[in-house]
Structure formats: C-alpha cells, structure tokens
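Dear colleague,

Please find below the structure that I am handing over to you.

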Amino acid sequence: MKEMKLGIMQPYFFPYLGYFQLINAVDKFVVYDNIQYTKKGWFNRNRYLCEGRDKYFTVPLAKDSDFLDVCCRKVAKNFNKEKLKNQIRTAYQKAPFFRETFELFCECVDYENDNLFEFIFFSIRRILSHLELDTEIIVSSAVNIEHSALKGEKKVLALCRELNAGYYINSIGGMELYDKKHFKEENIKLHFIKMDHIAYKQWENEFVAGLSILDVLMFNSVEETKEMLNRYILL
C-alpha cells in the first residue's frame with residue numbers, strides 16, 4: 001500500500017512557485033488557519049515584476065493585535081482593490097499570458113470575504129484549480145489534535161499521526177526546524193523539497209527569481225507552469 005505524503009504550510013497570498021511544487025509533491029496538504037499572523041511573513045504580500053525590478057503588492061489589514069491568529073485578522077475596509085488591480089495591470093499588460101492570469105488575479109482580489117484566512121485560502125484554491133492540481137487540501141483546525149498545546153515540530157508530528165502520513169515533506173527553508181530522528185521514531189520519513197534552477201523569459205529583462213506565482217503565470221502557459229512544478233530535488 002502506498003504511504004501517504006503530507007505537506008503543511010502557512011497560507012500565503014499568491015505565493016512563489018515553490019509553494020505549489022510542494023503541494024504537487026504530496027497527497028494531502030494542510031494549510032494552517034490557527035497560526036499567528038506575522039508582519040514579516042508572506043501572508044498578505046508578495047513580489048511582482050515592475051519595470052525590470054521586484055516590487056511588493058500588499059493586501060492591507062485592519063488594525064488589530066499582533067498576537068492574533070491569521071483566521072482572526074481582517075482585510076482593511078478601505079482596501080482599494082481597483083488600485084491593486086491597476087498596479088498589476090500596468091506592470092503586466094503586455095505579458096504573453098496577461099488576459100487569463102489577470103482574470104484569475106482579479107477574481108481573487110474581488111473575493112468578498114474580509115476574513116484574512118478565508119481571503120487567502122480562496123486564492124490558493126483558485127490557483128490550484130487553474131493549474132489543474134487535485135491534491136487534497138485540509139484546513140489545520142479541522143484536524144483533531146490539541147492545537148493550543150502543540151507548537152513547531154510537535155504540532156507537525158501530531159498532524160502527521162492523525163492524518164496517517166508515511167512521509168512528511170517540507171520546504172528546504174525548514175531543514176533546521178525538524179529532526180529526522182524524531183520523525184523516524186514515529187515511522188515517518190522526513191524529506192525536504194528544493195526548487196531546481198528555474199528561469200524563464202521576462203521580456204528582455206535580466207531574470208528576477210523568487211517572484212509570486214502571478215509572475216510565472218504571466219509569462220508561461222498553464223502547461224509550461226505545470227512542467228515547472230516537477231522541477232525540484234527531494235532531499
């Protein structure tokens with residue numbers, strides 16, 4: 001019987017290609033909704049290409065406690081959605097796959113839910129549909145574990161146990177966070193996914209790496225993007 005591969009990540013708005021490589025590499029993917037929001041994270045911002053350089057696009061948030069979970073944060077009532085869409089339109093209107101990608105972006109920006117997690121989660125699901133990925137997506141709070149009592153590696157192990165994972169796959173950035181010995185004790189194989197070198201034509205500019213999936217889709221077809229999803233190294 002095939003052992004189930006599990007991935008777990010925070011929710012990000014239009015994250016980079018590696019996020020979707022991880023989703024593509026696993027059977028089930030848990031998105032944290034009960035995790036603390038951090039200003040320095042990528043929850044509500046990412047980078048896009050503007051005049052040959054990287055620039056941030058941001059979904060503004062209502063003022064609130066810095067200690068709230070992402071599921072308790074709200075999108076700002078004065079969020080100027082047209083301004084954000086114009087920002088992206090101006091940057092990419094001459095890109096080869098602008099029309100279909102901009103439609104996808106607008107659908108996500110126009111989503112009428114001011115709960116930050118729901119707003120981001122909708123965009124993740126729409127991108128997955130656009131890329132024709134059928135990985136099972138699970139919201140962390142729906143998994144029956146002691147969420148409030150567990151943190152870090154212990155929480156990941158609890159999720160793996162509850163979901164009967166034989167493999168846990170994490171992004172390469174988490175190598176220092178997890179101990180293979182602890183996973184082995186639970187009969188879970190721990191691996192890390194590292195994006196292979198990927199570069200594509202961004203007009204005649206010098207390639208800018210690590211931008212939002214938005215940039216990938218502006219310059220590449222769905223078929224080309226799906227091929228990129230398999231270009232990784234498993235460590």
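The count comes to 12 salt bridges, a salt bridge being a side-chain nitrogen of Lys or Arg within 4 Å of a carboxyl oxygen of Asp or Glu. The model is predicted: local features need pLDDT of at least 70 and side-chain atom pairs count only at pLDDT 80 or more, whereas totals for chains, interfaces and linings use all residues. Residues are numbered from 1 along each chain as its sequence is written, and side-chain values use heavy atoms, with hydrogens and water left out.

One of the salt bridges joins Lys39 to Asp66, with 3.8 Å between the closest N and O atoms. Lys39 sits in the loop between strand E2 (28-31) and strand E3 (45-50), and Asp66 in the loop between strand E4 (53-58) and helix H2 (81-92), so this pair ties together parts 27 residues apart in sequence. Helices (H or I, at least four residues) and strands (E, at least two) are DSSP runs, numbered from the N terminus. Lys39 is exposed, at 61% relative accessible area, while Asp66 is partly exposed, at 39%; buried means under 20%, exposed over 50% and partly exposed in between (1.4 Å probe, protein chains only).

Lys74 forms a salt bridge with Asp114 at 3.7 Å between the closest N and O atoms. Lys74 lies in the loop between E4 and H2 and Asp114 in the loop between helix H3 (98-109) and helix H4 (116-130), so the parts tied together are 40 residues apart in sequence.

Arg126 and Glu107 meet in a salt bridge of 2.9 Å, N to O. Because Arg126 belongs to helix H4 and Glu107 to helix H3, the pair ties together parts 19 residues apart in sequence. Elsewhere, a network of salt bridges links Glu82, Lys85 and Asp110.

As to pockets, the term denotes an open set of points on a 1 Å grid over the protein atoms alone, where a 1.4 Å probe fits, with protein on both sides within 12 Å along at least five of seven lines; lining residues have an atom within 4 Å of a point. The largest pocket has a volume of about 630 Å³, a volume being the space filled by probe spheres set on the points, which are joined across faces, edges and corners. Its lining has 30 residues, of which Gln10, Tyr32, Ile35, Gly152 and Tyr178 lie nearest the centre. H5 gives the most to this lining, with four residues.

Yours sincerely
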